[in-house]
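Colleague: I am new to this structure and would like to go through the terms used for it. Please set each value against its definition.

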Amino acid sequence: ERLEHITMVAVTLGFALLTIGMVTGGVRMFEDPQKHQPVTKIVLAVAVWFVYAIVLHAPINPSFRGRKVAVLSVVGFVLMLGTIVTVLWMPTT
């Protein structure tokens, strides 16, 4: 139960920061249409956002707890790392 609480706190914070980052990136992307971001970055960020949203809403469904949420949290973390690596190493134009 303690691990589940820690997971929910981390996912809540990660979801909030990811949402702020996506909104900020979207505003910057539309400010300067000449420097558009590759679609891969956007798709990865949206995929991570959806995984975090599912994990965040897991306590609503009692059958979706425990190991399933833990596996999905790990998948979200790996996707987040992949997104960060992609954003840092992929050219912007």
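Modeller: Start with W49, which lies in helix α2, residues 39–56. Helices here are DSSP runs of H or I with at least four residues, strands are runs of E with at least two, and both are numbered from the N terminus. This is a predicted model, in which local features need pLDDT of at least 70 and side-chain atom pairs count only at pLDDT 80 or more, while totals for chains, interfaces and linings use all residues. Residues are numbered from 1 along each chain as its sequence is written, and side-chain values use heavy atoms, with hydrogens and water left out.

Colleague: Which residues is W49 in contact with, leaving aside its neighbours within four places in sequence?

Modeller: W49 is in contact with F15, L18, T19 and M22. Contact means heavy atoms within 4.5 Å. As for R67, 18 residues separate it from W49 in sequence, and their C-alpha atoms are 20 Å apart in space.

Colleague: What makes T83 buried or exposed?

Modeller: T83 is in helix α3. Its relative accessibility is 10%, and therefore T83 counts as buried. Not counting residues up to four places away in sequence, T83 touches L44, A45 and V48.

Colleague: And what is A47 called, buried, exposed or partly exposed?

Modeller: A47, which is found in helix α2, has a relative accessible area of 29% and so is partly exposed. A47 and G76 are 29 residues apart in sequence, yet 8.5 Å apart in space from C-alpha to C-alpha.

Colleague: Why are α2 and α3 called roughly antiparallel?

Modeller: They pack at an angle of about 160 degrees, with their axes 9 Å apart. Axes are lines fitted to C-alpha atoms, for helices over the stretch in contact, and angles run from 0 to 180 degrees between N-to-C directions. Angles under 35 degrees count as roughly parallel, over 145 as roughly antiparallel, 65 to 115 as roughly perpendicular and the rest as oblique. α2 and α3 are therefore roughly antiparallel to each other.

Colleague: What is the handedness of the crossing of α2 and α3?

Modeller: The crossing is left-handed. That word applies if the near helix is turned anticlockwise from the far one by less than a right angle, and right-handed applies if clockwise. By class, the contact of α2 with α3 has 14 nonpolar, 6 polar and 1 charged residues. Ala, Val, Leu, Ile, Met, Phe, Trp, Tyr, Cys and Pro count as nonpolar, Asp, Glu, Lys and Arg as charged, and the others, Gly among them, as polar.

Colleague: How do α1 and α2 cross?

Modeller: Their axes come within 10 Å and cross at roughly 150 degrees. That makes α1 roughly antiparallel to α2. This crossing is also described as left-handed. The contact of α1 with α2 has 15 nonpolar, 3 polar and no charged residues.

Colleague: Which residues in α1 are buried, and what covers them?

Modeller: M8, V11, G14, F15 and L18 are buried in α1, and the cover includes α2 and α3 (67–89). In α2 the buried residues include K41, A45 and V48, with α1 and α3 included in what covers them.

Colleague: What does the secondary structure of the whole protein come to?

Modeller: The protein has 3 helices and 0 strands, in the pattern α-α-α along the sequence. Of its 93 residues, 23% are buried.

Terms used
Buried < 20%, exposed > 50% of the residue type's maximum accessible area, 1.4 Å probe, protein only.
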